[in-house]
Amino acid sequence: MQISLPRPDAALPSPFAFGEFPTLSTSRLRLRELTLGDRDAVYAFRGDPDVQRHNSDALQHIDEAQHFIESRAVDYKARRAVLWGVTRLHEPGTVIGSVS
């Protein structure tokens, strides 16, 4: 039996309507597109080894946070992935995490 996996750079077949980046809200949280203005906050949680324990390696330098944000934008435009920045509903300018 042979299993074919899509190439990592291939667009995903999906019912998700890639277009304008969607913002989602709950009673407590807002999920929105990451921006370069989120660089410091992304570095704070993606650079923490405890937070990253079950994810990729912790970021070592602030420039890696910028690259992370830029890479997620490229992935979205290429229809490969969606990653939201998570904020508290009443503090939409402060990213506290991310989810895909």
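Guide: The model is a predicted one. In helix H1, the residues Val 42, Phe 45 and Arg 46 are buried.

Visitor: What covers the buried residues of H1?

Guide: The cover includes helix H2 and strand E4.

Visitor: Which residues make up the largest nonpolar core?

Guide: This core has nine residues: Leu 34, Val 42, Phe 45, Leu 59, Ala 65, Phe 68, Ile 69, Leu 83 and Val 95. The elements that contribute two or more residues to the core are H1, spanning 39–46, and H2. H2 supplies the largest share, three residues.

Visitor: Which residues does Phe 68 touch, leaving aside those up to four places away in sequence?

Guide: With that exclusion, Phe 68 touches Leu 34, Val 42, Arg 46 and Leu 83. There is also a second, separate core of seven residues, among them Phe 18, Leu 31, Trp 84 and Val 86.

Visitor: How many aromatic pairs does a search of the whole structure find?

Guide: The search finds three aromatic pairs. In one of them, the ring centres of Phe 21 and Tyr 76 are 4.8 Å apart, with the planes at 55°.

Visitor: Why is the pair of Phe 21 and Tyr 76 called tilted?

Guide: Ring centres within 6.5 Å define a pair, planes under 30 degrees apart count as stacked and those over 60 as edge-to-face. The rings of Phe 21 and Tyr 76 have centres 4.8 Å apart and planes at 55°, so they form a pair, and the pair is tilted. Distant parts of the chain are linked by this pair: Phe 21 belongs to the segment before strand E1 (24–25) and Tyr 76 to H2 (residues 62–77), 55 residues apart.

Visitor: What makes the pair of Phe 21 and Trp 84 edge-to-face?

Guide: The angle between the planes is 70° and the centre-to-centre distance is 6.1 Å. Since an angle over 60 degrees counts as edge-to-face and the centres lie within 6.5 Å, the description applies. Phe 21 lies in the segment before E1 and Trp 84 in strand E3 (residues 84–88), so this pair ties together parts 63 residues apart in sequence. Phe 18, Phe 21, Tyr 76 and Trp 84 form one aromatic cluster.

Visitor: Why do Phe 21 and Trp 84 count as buried?

Guide: Buried means a relative accessible area under 20%. Phe 21 has 13% and therefore counts as buried; Trp 84, with 11%, is buried as well.

Visitor: Why is Ser 25 called partly exposed?

Guide: The relative accessible area of Ser 25 is 46%, so the residue is partly exposed. Ser 25, in strand E1, touches Arg 30 and Leu 89 when residues up to four places away in sequence are not counted. The C-alpha atoms of Ser 25 and Arg 88 are 9.4 Å apart in space, although 63 residues separate the two in sequence.

Visitor: How do you know that Thr 87 is buried?

Guide: The relative accessible area of Thr 87 is 0%, which is under 20%, and therefore Thr 87 is buried. Thr 87 lies in strand E3. Not counting residues up to four places away in sequence, the residues that Thr 87 touches include Arg 28, Leu 29, Pro 92 and Val 95.

Methods. Residues are numbered from 1 along each chain as its sequence is written. This is a predicted model: local features need pLDDT of at least 70, side-chain atom pairs count only at pLDDT 80 or more; totals for chains, interfaces and linings use all residues. Side-chain values use heavy atoms; hydrogens and water are left out. Rings of Phe, Tyr and Trp (its six-membered ring) pair if their centres lie within 6.5 Å; planes under 30 degrees apart count as stacked, over 60 as edge-to-face and the rest as tilted. Helices (H or I, at least four residues) and strands (E, at least two) are DSSP runs, numbered from the N terminus. Buried means under 20% relative accessible area, exposed over 50%, partly exposed in between (1.4 Å probe, protein chains only). A nonpolar core is a set of buried Ala, Val, Leu, Ile, Met, Phe, Trp, Tyr and Cys residues joined through side-chain atoms within 4.5 Å. Contact means heavy atoms within 4.5 Å.
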